[in-house]
Amino acid sequence: MGLIHIELFATLDLVGQSPGGPDEDPAGFPFGGWQAPLLDETAGAQVGAAYEGTDALLLGRRTYDIFAAYWPHQEGGEDNEIATLFNSVPKYVASRGRPDLSWAGSTQLGPDLAGAVREIRDRHEHVKVVGSLNLVQTLLREKLFDRLDLWVHPIVLGVGKKVFDGGAVPTNVTLLEPPAAGPKGTVYLRYGLAEGTPGTGDMSAPDRGVGRDD
C-alpha cells in the first residue's frame, strides 16, 4: 500500500485559499496571492524536496485546472524539474463536473471518492495532494492521508477557506522531523497520521502541582 501526502500552504490563522495568485479563486476573496511576498530560498528548497519520489498527483478540480494550464508549458524553464515530474506522472481529478482532461495522464475519479482514493493508494507508492481544499476535507474526514506537510506563513487574513474547514475529525498526528523556518518567518511542519484519537487529562491534578497554593 502506498502513501498519500497532503501539501498545504497556510496563514497563521490557517487560511489556505488562493496562495499563489489573485486568479486562483476569485469568488470574493481579496487576498489571492498572499504567499508570493513571503517566498524565499529556504521555502523553495523545502517545496522541491517534498516532491521527491512522487509517482501520482491527486487534485481537486480548481487546482487541476490551474496546474493543467501552467505546467505543460514549463519544461526547460526555471521550474523544469517539477514541470517534468508533474507532466510525466498520472493525474487523478476529484470533480463532480466535466473537467478538460487533455493534460497527458489525467483521469477523473468516480462518485465514490473515498473508494477511488483507496484504489489509487494501492496502485502507487507516493501520491501527492496539493492545495485542493475541498478534496482535503474528504481526506481528513476519512483519515485517507499518511503525511501532512504544512507551511505556516507569518500573516493573519481573518477571511478565507481554512485548512481544517469542515472535514476534520478527532485525529492524532505525530511530528516526523524538527520544524524548519525560513528567513521570512515561514515554518515548515511535517506530520504523519498516528493511531487513536486525542486523549484528555486534568492539568489541576495534585501530582502536577497546578493550582495549588501551598
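The following legends describe close-up views of a predicted model.

**View 1. Leu39 in a loop of the predicted model.** L39 lies in the loop that connects β1 (3–11) with α1 (41–50). Its relative accessibility is 47%, so L39 counts as partly exposed. The C-alpha atom of L39 is separated by 26 Å from that of F145, a residue 106 positions away along the chain.

View 2. Helix α4 comprises residues 113–123, and its buried residues are L113, A114, G115, A116, V117, I120 and R121. Among the elements that cover these buried residues are the strands β1, β2 (56–60), β3 (91–94) and β5 (126–130), together with helix α5 (133–142).

**View 3. The surroundings of Ser95.** S95 belongs to the loop between β3 and β4 (106–108). With a relative accessible area of 16%, S95 is buried, because the cut-off for burial is under 20%. Leaving aside residues up to four places away in sequence, S95 touches R61, Q108 and L109. The side chains of S95 and R61 are also joined by a polar contact of 3.5 Å.

**View 4. Strand β9 and its partners.** Strand β9 (residues 187–194) pairs in the antiparallel sense with β6 (residues 147–153) over 6 bridges, and R147 stands opposite G192 of β9. Strand β7 (residues 172–175) likewise pairs with β9 in the antiparallel sense, over 4 bridges; here L175 has Y191 as its bridge partner.

**View 5. The hairpin of β8 and β9.** Strand β8 (residues 180–181) runs antiparallel to β9 and is joined to β9 by 2 bridges, with A181 partnered by V187. The hairpin has 5 residues between the two strands, and G185 in the turn has a positive phi of about 100 degrees.

Note on methods: Residues are numbered from 1 along each chain as its sequence is written. This is a predicted model: local features need pLDDT of at least 70, side-chain atom pairs count only at pLDDT 80 or more; totals for chains, interfaces and linings use all residues. Side-chain values use heavy atoms; hydrogens and water are left out. Buried means under 20% relative accessible area, exposed over 50%, partly exposed in between (1.4 Å probe, protein chains only). Contact means heavy atoms within 4.5 Å. A polar contact is a pair of N or O atoms within 3.5 Å; within protein, one must be able to donate a hydrogen and the other to accept it, and residues adjacent in sequence count only if both atoms are side-chain atoms. Two strands pair if DSSP finds at least two bridges between them.
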